[in-house]
Each structure stands twice: as structure tokens, then as C-alpha cells.
There are 2 protein chains.
Amino acid sequence: MGALEKLLNKSDKGNSLFEAEIRNIKIPVCKQFLKGGKISPVDFKPSKDSVSTKDSTKVFASFPNLRETASKVMEGVRGGKTPKLKGKRVAVLFSGGPAAGGHNVVAGLFDMLAASKCTLLGVKAGPKGLINGDLFEINGEDIKRIKNTGGFDYLGSDRTKIKTDEQFAAVKKTCVDNKLDALVVVGGDDSNTNAAVLAEYLYIGVKPDGSGVQVIGVPKTIDGDLQIGKYLPISFGFDTATKIFAEMVGNILQDTPSSRKYWHFIKLMGRAASHVALEVALQTKPAVALISEEVAEKKMALGDIVKQIGETVITRAQNKMNYGVVVVPEGLIEFIPEMNLLIHELNHIVARHEKETADFDLAKKIDFVRSKLSEEHSSLFASLPHYIQEMLLFDRDSHGNLQVSQIPTEKLLIDMVKEYVKEISPETKFSTLNHFFGYEGRCGAPSLFDAAYCYNLGLTAGAAIVNGMTGYIVAFTELEKGGEILAVPLVGLLNIEMRHGKEEMVIEKALVKTDSPAFMYFAVNRARWGEKDLFTSPGPRQLWGPVSNQMPMTVALNQGYGKLGFKI
Amino acid sequence: MGALEKLLNKSDKGNSLFEAEIRNIKIPVCKQFLKGGKISPVDFKPSKDSVSTKDSTKVFASFPNLRETASKVMEGVRGGKTPKLKGKRVAVLFSGGPAAGGHNVVAGLFDMLAASKCTLLGVKAGPKGLINGDLFEINGEDIKRIKNTGGFDYLGSDRTKIKTDEQFAAVKKTCVDNKLDALVVVGGDDSNTNAAVLAEYLYIGVKPDGSGVQVIGVPKTIDGDLQIGKYLPISFGFDTATKIFAEMVGNILQDTPSSRKYWHFIKLMGRAASHVALEVALQTKPAVALISEEVAEKKMALGDIVKQIGETVITRAQNKMNYGVVVVPEGLIEFIPEMNLLIHELNHIVARHEKETADFDLAKKIDFVRSKLSEEHSSLFASLPHYIQEMLLFDRDSHGNLQVSQIPTEKLLIDMVKEYVKEISPETKFSTLNHFFGYEGRCGAPSLFDAAYCYNLGLTAGAAIVNGMTGYIVAFTELEKGGEILAVPLVGLLNIEMRHGKEEMVIEKALVKTDSPAFMYFAVNRARWGEKDLFTSPGPRQLWGPVSNQMPMTVALNQGYGKLGFKI
């Protein structure tokens with residue numbers, strides 16, 4: 001075998017040149033965590049800030065143990081004064097979809113716990129692994145191997161929600177069997193809601209001495225919909241995902257005036273909120289970017305959106321730009337008020353007439369449903385392309401609900417804009433391509449921002465544990481000037497929402513605010529971008545060199561920072 | 001307006017932090033081109049190597065002017081001895097789809113021509129712009145702005161093939177009107193074939209003194225199907241495109257054991273040849289990567305491919321890996337012998353019975369066609385999913401030919417593998433997602449390899465011109481030890497092929513050779529990758545830092561280099 005073949009074989013299993021080198025990148029540590037150059041836990045003291053649930057009576061009734069600490073935001077300060085727990089056993093799990101930087105949370109947690117002679121265990125495959133007691137001890141060799149790498153594969157993850165009595169009992173058993181003193185839940189809004197419930201449930205009476213198991217949450221999600229104003233600038237993974245998507249969108253934008261041929265409609269993963277779409281729009285400046293929250297707020301009809309895009313297509317064509325990019329957030333459809341109403345009405349009609357229409361073919365079913373729909377929705381339904389009508393009638397889950405996320409919004413818009421352009425300006429050439437970026441963005445190697453942010457979140461979680469805290473989500477702010485360490489009480493974030501017709505206590509999903517600096521900057525500038533084709537191509541995220549130090553633009557704008565560079 | 005808003009506005013129109021910084025990257029120059037630290041043309045002398053057409057009688061008959069120089073490969077050596085042309089006017093055009101590094105070809109060409117006081121003109125929008133006489137003078141400010149950036153937008157491009165007498169006459173007029181002395185065609189195999197024809201046509205009698213216009217080709221295409229063994233290791237753009245695709249595939253691979261849920265079928269752009277799929281497979285080591293040329297050589301049936309993937313799915317499931325990645329080359333369908341025959345037979349049947357079946361609906365048309373197909377192809381046709389049958393019958397171009405590239409091969413394979421797995425191993429979970437990567441890879445900022453390779457190709461083209469050469473494609477080899485400068489005679493690369501039933505002289509598309517070192521390395525190792533999940537995540541291409549210096553793996557293997565780092 002030749003030298004090159006040997007070299008290529010050496011790269012097997014996560015050892016490409018890139019992966020080998022990123023493990024050596026030195027991650028900056030917030031100086032509060034350093035004592036004589038070594039990692040050391042901070043103390044936590046109450047800050048001047050508080051959070052408060054809107055439904056305190058109901059929420060506090062469910063959290064008798066945690067209500068005392070449910071409002072004060074805790075601040076991490078140079079430590080050493082408060083006595084710290086030592087020799088404890090802590091478990092960490094990933095919950096939900098992967099996000100870049102999860103491995104660095106584990107690394108930070110490990111290093112901080114090691115400083116207090118604690119043991120870190122990994123829970124395999126998420127909450128299900130916690131229920132099943134599938135744990136193993138994490139060692140320093142593993143940490144070296146996973147540091148700065150993408151993916152959740154070291155532990156695995158799943159989407160089990162711990163809610164039945166049996167599941168809670170099983171979790172308690174796992175804690176007892178593994179002599180756990182604390183649990184760290186790395187997850188999104190739902191998983192952190194679950195962490196709050198676990199913190200309450202495990203508060204006392206778990207261990208032989210009658211004490212409880214601490215629970216600390218870490219904010220993860222590429223969607224960016226877990227953020228709490230100035231207390232939590234962003235969830236981890238958002239920066240890497242949006243940098244990956246922005247490179248792809250920027251590359252395609254660069255292609256448009258090169259081949260002068262296509263309009264690309266690009267849907268971006270991000271669930272309901274449009275944080276991802278907004279961030280990518282700021283980074284790339286496309287001709288059109290839709291923001292679901294604005295659509296809902298302005299009560300825009302589907303036809304309004306189609307018209308807006310169609311007019312941009314026609315105007316640009318008149319200016320010899322028969323090309324462009326439209327950025328579409330994944331959750332758009334549900335934010336169009338009339339579509340939302342139509343879907344609700346359809347849900348009822350389909351359910352009520354299920355038997356009667358069971359043998360109908362598509363055409364007959366469409367006629368039937370149209371005859372039952374209100375006049376307004378009947379014509380909206382009729383305006384939709386056939387494959388969308390078919391999806392609306394047939395693609396339903398086991399509860400009979402439409403799988404809205406399955407609707408190919410980008411194709412729907414293409415077809416409807418085509419109709420519009422053909423009618424208003426038949427001479428305008430309008431060739432299209434569509435894309436969906438999502439899975440590509442979840443498991444890339446973390447950007448330097450996510451790598452550093454996650455490692456410091458892990459350190460914070462470790463410090464909260466050795467300070468004996470429970471029921472907090474860790475956070476890290478003041479990202480442009482060294483970082484400030486926070487722990488925000490989870491119970492103070494809970495509010496009552498109706499879900500599937502039932503009241504549930506949940507952490508509210510953070511949507512894009514149309515009065516936020518990030519949205520307002522976008523709103524002021526977008527017309528100019530489209531008219532003059534001012535797009536940018538932000539390129540692949542760099543782990544070395546002069547442009548590696550960048551935080552998300554939406555974060556910098558919304559936090560009121562003066563620059564994009566982060567400093568930890 | 002705040003400081004940050006001002007900063008964001010400053011990034012308008014290709015001025016993101018990344019784009020601003022890449023313009024400052026210093027590109028290495030082959031030392032043969034340097035004289036006292038300044039760029040200076042090489043001399044060209046005949047090397048010991050030759051190329052020869054298989055159809056010399058016919059080809060030479062068509063190229064009476066160029067036949068003399070049609071075989072000797074020319075080598076660039078430290079210059080200064082041969083007198084050089086000065087003060088000439090040279091035009092450059094892009095032809096066909098964009099590829100990363102085109103702007104650096106222009107930059108290299110500009111810098112080399114400047115050294116001989118020549119003027120460089122840009123042809124807008126490709127061959128069509130040449131016909132229409134749409135030219136402008138390129139200046140140093142433009143070069144600073146476009147250096148190291150992605151896209152073909154500085155000039156634009158198109159796919160016009162210059163073939164009619166009127167078109168040739170129009171090109172000659174453009175040359176006369178613009179007082180051109182030379183023309184550089186940056187394009188793929190077809191464009192370089194066209195360059196050969198233009199070189200012959202413009203050989204004499206264009207300028208007032210009766211002399212001709214020189215034509216030089218530059219090898220561009222992300223598909224990698226324009227390569228000539230040791231004389232031309234690769235076309236430019238291939239490295240950047242495959243690095244972009246490999247990052248995405250690597251990210252998705254990293255996602256598979258994290259979420260443990262999906263098989264991803266990923267189709268990659270690359271036209272007929274599988275160079276792109278092979279390169280990405282070497283970089284990422286997925287469970288399955290299909291190589292069209294192997295399928296054709298082994299005369300594999302569609303069912304064989306489905307079985308191969310299905311068995312991998314089942315085996316991995318038995319080893320608790322209910323996930324994986326299948327890399328699918330764009331051109332696969334045409335390389336499956338039975339599919340190729342079926343398509344041919346269908347083309348005949350559809351054409352012959354066009355009127356008769358005009359009013360048939362899909363079901364009736366399928367029945368009719370099946371009754372006319374040979375028994376073997378009838379059952380193959382019946383085995384295909386309905387939407388593929390529909391495409392095979394209806395999606396035809398104006399000549400009645402099937403648009404094979406439109407067939408969603410990745411979805412076809414998913415559906416057929418699903419059937420297979422359900423039948424053989426009904427208990428095996430098999431959830432799938434599909435992706436197509438293509439346009440994302442054409443206009444990214446060039447990798448350092450493409451940036452350097454292209455700049456030196458541009459220098460070579462400039463040097464060939466001031467040496468008075470015509471009818472050559474420039475090349476650059478010995479990439480691991482400083483580079484060797486070559487010019488390969490285009491006419492020597494022409495062979496006769498049947499295209500649309502007519503003999504045409506063309507540069508043969510380079511396919512993946514199954515006896516090449518790159519394919520053999522892949523063939524030896526792929527089973528291991530799939531069995532043990534040995535994938536790698538090569539990460540985003542880096543323009544700075546320890547892993548920025550990498551050439552394509554297929555190139556390093558096929559050229560017999562001992563390492564991946566390039567040295568120019």
C-alpha cells in the first residue's frame with residue numbers, strides 16, 4: 001500500500017485532516033472560571049434581575065419545591081468563597097434533534113466536574129436511555145476525541161417526553177441505581193420544560209439519605225426559538241446551522257448572476273419561528289426573504305405573499321435580472337391566517353365526513369369538500385395546486401391532523417408565483433429551482449462561536465451543580481466583552497398554553513419580534529437588496545484565520561452589541 | 001444608525017467579512033513564472049510527450065492549419081529566451097455552467113498579459129456575447145475585486161455553441177471590430193472542442209495584415225470529466241464543488257448515528273461521469289456510493305443495485321445501524337444497460353404511436369406501451385414506480401427524447417429499496433430522506449487549491465498567447481512539487497463520436513476508470529466503511545489554517561502523489 005493510501009486509511013472514523021486538527025483548537029474560557037490558569041467553579045449569587053411566570057398561581061401549585069427559587073436570575077462570579085460539592089456523580093443527556101456544539105457542552109461539564117473530583121456519566125440515546133438506565137462513565141480520552149466535533153453521536157439522542165408516572169419512577173430508579181447526584185438535560189424548549197418537571201420531581205427523597213437529585217438544563221436548538229431576551233441571547237447550534245445555510249444560500253446567490261437563468265426558492269429548517277430565515281437573510285441579502293411572524297402580524301393572505309414575490313420577479317426582470325433567491329421559513333404556512341383557518345375547517349370536515357367520503361377519488365373528494373367549506377375558504381382551497389389539495393385531504397397523522405411541516409411550501413410558492421407572473425406579465429421569463437436545507441445544518445462541526453459558547457455553557461452547568469443548584473437553565477451573555485455567567489430558574493419561564501386542547505405548562509417558544517433590532521434592520525434594508533442585487537456570499541465558516549470570530553448577526557443586533565466579533 | 005448597522009451595510013454586494021478577507025489571500029505562483037520576483041512569461045518548448053487522435057485522417061482533414069501542431073505537448077520553461085508578443089489585445093470568455101476559480105483564471109491572465117503590455121477584454125455572457133460583440137476592457141481595480149471570489153458573474157456565461165456559418169462570421173467580425181489578437185475560452189469539453197474549431201477558423205486572414213487570431217482553451221468543469229491523464233490532472237472547479245458536497249455529505253453522515261433514524265439518499269451533480277461521487281465517497285466513506293461506470297462495466301441491472309443497497313440496509317440494521325448514507329451520481333440511470341435499452345425502445349414506441357395514443361390517459365398508455373415493449377423491458381418497466389413510468393412516457397424534449405437528467409434517481413432507488421427491504425426483511429425499519437446537491441457547489445468561493453490552480457492556469461494561458469500559440473488547452477501538473485506548465489494541442493484530443501445520429505469531432509468525456517488507483521482504493525475499502533460505520537466529516541473548506549492546503553483525493557491517487565497537500 002502506498003503512502004497516500006495509508007494516509008487515507010488513517011482518516012477512517014472521524015479522522016479526516018479537518019477533524020484531527022479541530023480537536024487541537026484551544027477554546028477560550030471565561031475568565032471568571034479561571035483561578036491561577038486552571039478551571040475552577042464560580043460562586044452563584046442572586047443578580048438584580050428576575051423572571052416571572054404569567055400564571056404564577058397554577059405554576060407554583062405544580063412546583064412547591066422550586067417556587068422559592070423560581071424568580072431570581074443567578075449570576076456566576078469569581079468563585080472560591082462558597083463551599084462546593086465534591087465527589088458527586090452527574091449524568092448528562094441529549095434530547096431532541098442534534099445541534100452543533102453538544103460535544104463541547106459535555107467537555108465543559110466534564111472539565112468543571114473534574115475540578116471538583118466529580119464523575120460524569122453519559123446517558124445513551126436521550127430520555128429513553130434515562131428511563132432504561134443506559135449509562136456509562138465518561139473519561140478524559142473520550143473528551144479529547146469529541147472536543148470541537150459535530151453531532152450528538154457520542155451519546156445519541158431521542159425525542160421521548162418523560163410524562164407518565166411509570167416513566168418518572170423509572171427515572172428515579174435510574175438515579176438510585178447509578179447513585180446520581182445530578183442530571184444535566186441538553187435540549188430545546190420542550191426538553192427544558194421536562195427538565196423543570198424532573199427537577200421538581202427529584203427535589204427530595206431520591207437518595208438513601210432522603211436528599212434529591214439536582215437537574216440543570218442547557219439551551220440547545222438550531223431553530224433559535226429558545227432564547228430569553230438579555231438573559232439568554234441564543235440557544236447553541238443556531239450559529240453553526242445558520243452559517244452552513246448562509247454559505248449554501250450565498251453560493252446559490254453567487255450563481256444567479258453567473259448563469260442569469262433561475263429563481264431559487266430555498267426553504268430553511270427552523271420549525272415555527274423564523275429566526276433561522278432572518279439570520280440567513282441578514283448574512284446573504286437575498287431579493288426576497290419571508291418572515292412568518294410578519295406574515296401573521298400583518299394578516300397577509302397567501303395571495304399577498306404570492307403577489308409580493310411576483311412583483312419582485314417582474315420588476316427585477318424589467319431591470320434585466322431574470323433571477324434571484326427567495327428564502328422561505330419552514331413554518332410559513334401555519335402563520336398565514338387564512339391557511340390556518342382553512343386547515344382547521346378542513347380538519348373538521350374531513351373528520352365529520354370520513355365514512356361518507358372513504359371511497360371518493362381525489363376529484364370527487366375535492367368537489368365534496370369545497371361544497372362544505374365556507375365560501376372564503378372554498379375559493380382559497382380552489383386556488384391551490386392539485387398536489388397541495390391532495391395533501392390537505394389525505395396526508396394526516398393518526399389523530400387526523402394535517403402534517404403541516406410536510407407541505408412543500410417552496411414548491412407551492414413557485415407554482416402560485418408562476419401563475420401570477422404568467423397572468424400579469426406573460427413576457428417575463430421565470431425559471432425556477434427549489435431547495436430545502438435542514439439536516440445539513442444540525443451536525444456540522446461547530447463554528448468557533450458555538451464551540452466556545454457550548455464549552456462555557458458546559459462549565460456553567462458544572463459550576464451550578466457543584467454549587468448545589470437545581471431547576472435552572474444555564475446561560476451565557478455579554479458575548480462581546482468576556483461573557484457573563486447566568487443561571488435562569490426554569491419555573492419562572494413556564495407559562496400555560498393550550499396544546500392539543502389541553503392546558504400545559506411550557507417554556508414559551510421565542511418567535512421573531514417585529515420590533516426587534518434584527519427584524520427592523522432587515523425591514524429597512526430588504527427592498528434595496530432586491531432592487532440593486534446587493535447580495536453577499538458569506539462563505540464557509542472558518543475555524544482559523546481572520547474571519548473565524550463571528551457571532552450570529554441577529555444576536556449582535558438584538559443584544560445591542562457594536563460588532564460581530566465575540567470575546568470570551 | 002448604530003455602529004453594527006453601519007458595519008452590516010458595508011458588507012452589501014459581495015463585501016461580507018469573508019469576501020473582504022479572501023481578496024487579500026496571497027496566491028502561490030509557480031516559480032517558472034517568476035523573474036526577479038515579478039510575473040514573467042515562460043517559453044514553451046516541445047516536451048517528450050504527445051497526444052494523438054484515433055481518427056487522424058478525418059480530424060486532420062478538418063484542421064489543415066492546426067494539424068502540424070496537433071500532437072506535441074508543449075512544456076513551459078523559465079522564459080526570456082524566445083521573443084514575446086507585446087501590446088496585443090486579448091479577449092476572455094466563460095462558457096457553460098459556472099465553476100469556482102473562473103475569476104482567478106481572469107486574474108492570472110490579466111497579470112501575465114500586463115507583464116507584456118497587452119490589454120485584456122472581457123466577453124459578456126459567454127459565446128453569445130462573442131457573437132454579439134459584447135466586450136469591455138478589464139482593469140486592475142476589477143481584478144482586485146474579483147480575485148479569489150466565486151461565481152462567473154464578472155463576465156457571465158452561456159451555453160451557445162458556435163456552429164453555423166453566420167455565427168462564425170459574427171465571431172470574426174467581433175475579432176476585427178475589437179482588434180483582437182487572441183481569444184481565451186474558459187469551458188468544459190464541448191467548449192474546448194468549440195475552441196479548437198475556432199482556432200482553426202481564425203488561424204489566418206482575420207486581421208488587416210492577413211494574420212489570424214489565436215485561441216487558447218482553459219479546462220473548466222465541476223464534473224471533473226475534462227481530464228487527460230498525466231497531462232491534465234483535473235478541470236478547475238472540481239475541487240471546490242466536491243469539498244462543498246463532501247462537507248454536506250459529511251454533516252449528514254455525522255447526523256445519522258446522532259439521530260439513529262434515517263437513511264439519506266444523496267444525489268450529486270456531475271453529469272454522466274461519476275468523478276464527483278467518487279471524490280465525495282473517498283472524502284466521507286459512506287455505507288454505499290454508486291459509481292455509474294462500474295454499473296455499466298459489470299452490466300448491473302436496476303434490480304442488482306436495489307438488492308445491493310437493500311442488503312446493506314438489512315445487514316446494518318442487524319448491527320443496530322438503522323441509518324446510513326447512499327451517494328448517487330447524477331448520471332446513474334443512463335449507465336444501467338437495461339434502463340438504457342428500455343429508454344431507447346420507449347423512445348421508438350412513443351414516437352411511432354404518438355397520434356394513436358394522444359388521448360390515452362396514463363393507465364391506458366402504460367398498458368399500451370407495455371404491450372409493445374419486448375418481454376424483458378416490459379417487466380422492467382412494470383417494476384418501476386408510477387411517477388417514473390409517467391416521466392418515461394411524458395417528459396420529453398422537443399426532439400421526443402427523454403430528459404434522463406430529470407429522473408429523480410435518488411427517489412426511484414428509495415422506493416425500490418423500500419419494496420425490497422419490505423419483502424426480504426419486513427421487520428427492518430427503513431426511514432429515508434433524499435437530497436440533491438448541485439447548484440450549491442458551482443459558485444462557492446474557490447478552495448485554496450482551485451484559487452491557486454486557476455491563477456496559474458490563467459498565467460499559463462497568458463504565456464501561451466504571448467508566445468504566439470494557438471489551438472492549445474492549458475494545463476498544470478506535478479501539483480505536489482511546484483507545478484509543471486503544459487499546453488496540450490486541442491486537435492490531438494479530438495475523436496469522432498456519434499451524437500444525435502451524426503458523426504461529430506469531440507473531446508472525449510473522461511469517465512471514471514475502474515482500473516484507476518482512485519477507483520481501486522474505493523473498491524477495496526468501501527465494504528469496510530459500511531460494515532463498521534467508518535465515515536468521516538471533512539468539514540467546511542478552510543481558506544486559512546492547517547487544513548487549507550489539500551487537493552482532491554482522486555487527483556492525488558490517480559497522479560501517484562504520496563500526499564494530499566499541493567505545492568505550487
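The model is predicted: local features need pLDDT of at least 70, side-chain atom pairs count only at pLDDT 80 or more, and totals for chains, interfaces and linings use all residues. Residues are numbered from 1 along each chain as its sequence is written, while chains are lettered from A and ligands numbered from 1 in the order in which they are written.

Between the two domains of chain A, 8 residues of domain 1 are in contact with 10 residues of domain 2; contact requires that the C-beta atoms of two residues, placed from the backbone, lie within 7 Å. The domain 1 side of this boundary has 3 nonpolar, 3 polar and 2 charged residues. In this classification Ala, Val, Leu, Ile, Met, Phe, Trp, Tyr, Cys and Pro are nonpolar, Asp, Glu, Lys and Arg are charged, and the others, Gly among them, are polar.

A nonpolar core is a set of buried Ala, Val, Leu, Ile, Met, Phe, Trp, Tyr and Cys residues joined through C-beta atoms within 7 Å. A residue is buried if 20 or more other C-beta atoms lie within 10 Å of its own, exposed if 12 or fewer, and partly exposed in between, with C-beta atoms placed from the backbone. The largest core has 182 residues, of which Val184(A), Val326(A), Val327(A) and Val488(A) touch the most other members. Helix H19 (residues 448-466) of chain A gives the largest share of this core, 14 residues; helices (H or I, at least four residues) and strands (E, at least two) are DSSP runs, numbered from the N terminus. Domain 1 and domain 2 of chain A each contribute at least three residues to this core. Beyond its neighbours within four places in sequence, Val488(A) is in contact with residues including Val51(A), Tyr231(A), Tyr472(A) and Leu493(A).

Helix H4 (residues 102-115) of chain A has 14 residues, which at 1.5 Å a residue should span 20 Å, and its end C-alpha atoms are 20 Å apart, in agreement. The expected span is 1.5 Å times one less than the number of residues. Since 13 of the 14 residues of H4(A) are buried, this helix is largely enclosed by the rest of the structure. Lys117(A), which follows H4(A), has a positive phi, near 55°. Elsewhere, Lys54(A) sits in the loop between strand E3 (43-50) and helix H3 (56-62) of chain A. Lys54(A) counts as exposed because it has 10 C-beta neighbours inside 10 Å.

Across the interface between chains, 64 residues of chain A are in contact with 64 residues of chain B. On the chain A side, H9(A) gives the most, with 8 residues. That side has 29 nonpolar, 22 polar and 13 charged residues. Chain A is superposed on chain B by a rotation of 180° with 0.0 Å of shift along its axis (RMSD 0.1 Å), using least squares on the C-alpha atoms of residues with pLDDT of at least 70 in both. The two copies are therefore related as by a two-fold rotation axis. Because 100% of the interface residues of chain A are also interface residues in chain B, the copies meet through the same surface.

Notes
Domains from an automatic or database assignment.
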